[in-house]
Amino acid sequence: THSLSLKQNNFITYLHVYVDDLILTGKQENVISYFINFLNKESSINEVCNLNYFHDLEASYTIDGLFLS
């Protein structure tokens, strides 16, 4: 498991990698779109979707962002 946090102009984007699963989240949609496009150029991404579960963790979306429990 690896994690990466990127901070730009007081906004943080998080990337969490487990084997071949990725979680990418943040408040700047342009940064997330850029990163997804970059990954698609480097290798194929099979599915980009909203997260429901990630290795026994349930994902819930709130007005404040993504909550894992």
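Predicted model: local features only at pLDDT ≥ 70, side-chain atom pairs only at ≥ 80, totals over all residues.

Residues are numbered from 1 along each chain as its sequence is written, and side-chain values use heavy atoms, with hydrogens and water left out.

Student: In what order do the 3 strands β1, β2 and β3 form their open sheet?
Tutor: Strands are DSSP runs of E with at least two residues, numbered from the N terminus, and two of them pair if DSSP finds at least two bridges between them. The pairing here is antiparallel, and the order is β1-β2-β3.

Student: Why is one side of β1 and of β3 left without a neighbour in the sheet?
Tutor: β1 (2–8) and β3 (21–26) stand at the edges, so one side of each lacks a neighbour, because each has a single partner strand.

Student: Which residue in β3 is the bridge partner of Y18?
Tutor: Strand β2 (residues 11–18) pairs with β3 in the antiparallel sense over 6 bridges. The partner of Y18 in β3 is D21.

Student: Is T13 buried or exposed?
Tutor: T13 has its place in strand β2. Buried means under 20% relative accessible area, exposed over 50% and partly exposed in between, with a 1.4 Å probe and protein chains only. T13 has 6% relative accessibility, so T13 counts as buried.

Student: Which residue in β6 is the bridge partner of T62?
Tutor: Strand β5 (residues 57–62) and β6 pair in the antiparallel sense over 4 bridges. In β6, the partner of T62 is G65.
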